[in-house]
Amino acid sequence: KNIYIYLHYRSKVWGHLEMSFVFERKTDKMEESKAMRKLRVCVATCNRADYSKLAPIMFGIKANPDEFELEVVVLGSHLIDDYGNTFRMIEQDDFDIGSKLHTIVRGEDEAAMVESVGLALVKLPDVLHRLRPDVLIVHGDRFDALALATAAALMNIRILHLEGGEVSGTIDDSIRHAISKLAHYHACCTRTAEQHLIAMCEDHTRILLAGCPSYDKLLAAHHRDDYMDIIRNWLGDNVKEHDYIVALQHPVTTDIKNSIKIYELMLDALISFNKRTLVLFPNIDAGSKEMVRVMRKKGVEQHPNFRAVKHVPFEQFIQLVCHAGAMIGNSSCGVREAGAFGTPVINLGSRQTGRETGENVLHVRDADTQNKIYHALELQFGKRYPCSKIYGDGNAVPRIMKFLQAIDLDEPLQKTFCFPPIREWDISQDIDHILETQSALAIDLGGTNLRVAIVSMRGKIVKKYSQANPKTYEARIELILKMCAEAVFDAVHLNCRILGVGVSTGGRVNPQEGVILHSTKLIQEWSSIDIRTPISDALHLPVWVDNDGNCAALAEKKFGHGKGVENFVTIITGTGIGGGIIQHNELIHGSTFCAAELGHIMVSLDGPECMCGSRGCIEAYASGMALQKEAKRLHDEELLEVEGMVDLKKAEFVSAIHLINAARLGNSKAGAVLRTGGMALGVGIVNILHVVNPSLVILSGVLATHYQAPVQQVIGQRALTSAQRIQVLTSDLEEPALLGAASMVLDYTTRRIY
């Protein structure tokens, strides 16, 4: 019995140990299998251009056989005789092509491109099902690449997209961004492209800033001793370095007719320029057949100065571009690879609009004449520029290899997007807000002109109207209502929804009642006027009214330098001097609505007489009227004119502009007047700083740029130490009065929390 119990116990123990050993061996084998498993990478190439970017990666994968298994799929124009049968160069590079797919439907028009995408989608599923890659590498923005990405995404194959996030012209942008949305991983070339991908809600952890893979090859190989042999092989024995042109122009699929015209003008300019030129055939996009017809009609293939070719191996093409006198056309090679050599480039048309470029690129976007292109050739040919590495530093492939190694196949296949948070109160529930642009009607009553504008929520002046300001009250009101009615009618056709009317006017205004209390002398019959009622009754819209200086401050608060600033002062320097004060994000009006009459701050007890009846005001020294008065005095004393000025005897009247020009040309008397005006304005602003202590001063109006430096200097010399570092900026707003009038409407009518 004891022996039985012992044997039974021993058999159970050893059985357990044996099972444990078997389980551990299985676990070790699974981990070992996972560790030893190679990443199956499929590289699909569609044309000669994308192979130049993919080949370095293919060589990198092939050089690591313990970690990767490479499959190569060739399709598109690689397999077409008219485009050089470029699949042969892949075979010459000793790559085994797993599948060749004839996917191009000939016709070279828009319909043929669509049919080619459809044909590729029909053929790709069988190939991808047979190869079963872990990752498919797709390059760029070609229609063939879109078919590849679509098929792989629908078949649950991870996609690595090269050169996503870039911006160029034509349909390529849309295709490139569509591929990026289908792709699971991204290897981009520039910091800007990386930011674009992040802005497109792509996961930043799956974005690699690698640089362009072709740079790995061209930066390492462009210093070749036999480059002259390559140049002579393609262009003839008598050609010299930097004394020939490389031309490569592709059709623009969204504007085929114009791109063919540009191509014809380019060839005419090249024929006239009379330099040896290597012309490469265009790609297979819609319009290429017509471009080839144009080339043959011009006799380019028989011309002694030209050599027309369908394909040049990339290593040799590098040498040709590197040592060319110039490159011309619209190929991405011109704005990307050529910059690495400092080769001068003339970029024609819109195909590369938005691309990051070095200083070697001269854009001729509106290439509408032969002379314009010829002149660009004269400017660029033979120059050399500093080498640019915007698109890479020659180390893209090692980075991409590490990126591929880091791919975790156990991660969920479904990609996620990183959307920015949406605040609930930013969502409009009003269908009118969705279908129309919320806008304001802005009125500016100036001393000379009466202006009305439709202004959008973003501060864009959609349409502007201007008439001379009538001299009488009745005529002025009649014109205001007529111009407003015209603007309201036009707003319907401009898809703008008018929310209200804002009025900016000179003088003292009661904004609570919409009444102009006292006007400036420049606007007659404009005191004790209820401006709100007639406009509101006629247009059936709410109306806001305020002083033009206050409106300028409101414009800066909503659209200008004052945006997000809690305390600042705006000063208008024009015919008169005015302004507005923002304190704790609110506009200060004062108990009798005369706060911020900054032009009438006294800076001298016995200074010149001001239009307000007092003496020594800022306006009496620094306004346009004050400068004009001094200019006329100097002119009458024959002290204004200096060499280089227009003959003032022929001028209709002497203005402040004449004084400024005289000072600029060295007139000491005129310079003294401007310095005095700047000093007076600066002293007045120092007083403002000591009273309300703003964090920013904004100078607006036509004289702002002339006064900025002297005002900042006076502040540095005369202000208290705590106020000396307060910054003085000039306004960037072109229409502060109109924008300020509009801001009163837009801020109130769209406010959700009162």
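**Entry 1: strands S9 and S10**

I started with a right-handed β-α-β unit, which is made by S9, helix H11 (residues 288–297) and S10. I noted that the model is predicted. I then looked at how the two strands pair. Strand S9 (residues 276–280) and strand S10 (residues 306–309) run in the parallel sense, with four bridges between them. For Leu-280 I found the bridge partner Val-309 in S10.

**Entry 2: His-139**

I looked up His-139 next and found it in strand S4 (residues 135–139). Is His-139 buried or exposed? Its relative accessible area is 10%, and the cut-off for buried is under 20%, so I wrote down His-139 as buried.

I listed its contacts, leaving aside neighbours within four places in sequence; among them are Asp-50, Lys-53, His-161 and Glu-163. Asp-50 is 89 residues away from His-139 in sequence, yet their C-alpha atoms are 6.3 Å apart. With Glu-163, the His-139 side chain makes a polar contact, side chain to side chain, at 3.0 Å.

**Entry 3: a site from UniProt**

I checked the UniProt record, an unreviewed entry, which gives a "binding site" at His-600, Cys-610, Cys-612 and Cys-617. These positions are spread over 18 residues of sequence but cluster in space, with a largest C-alpha distance of 8.8 Å.

I located His-600 in the loop between strand S24 (586–587) and helix H20 (618–622). Cys-610 is in the loop between S24 and H20. His-600 is partly exposed at 29% relative accessible area, whereas Cys-610 is buried at 5%.

Not counting residues up to four places away in sequence, His-600 touches Cys-610, Cys-612, Cys-617 and Glu-619. On the same terms, the residues Cys-610 touches include Arg-615, Cys-617 and Ala-620.

Methods:
Residues numbered from 1 in each chain as written. Predicted model: local features only at pLDDT ≥ 70, side-chain atom pairs only at ≥ 80, totals over all residues. Heavy atoms only, no water. Buried < 20%, exposed > 50% of the residue type's maximum accessible area, 1.4 Å probe, protein only. Contact = heavy atoms within 4.5 Å. Polar contact = N/O pair within 3.5 Å; in protein donor to acceptor, adjacent residues only side chain to side chain. Pairing = 2+ DSSP bridges. Right-handed = clockwise from strand over helix to strand, strands pointing away. UniProt positions renumbered as here; feature names shortened; annotations may be inferred.
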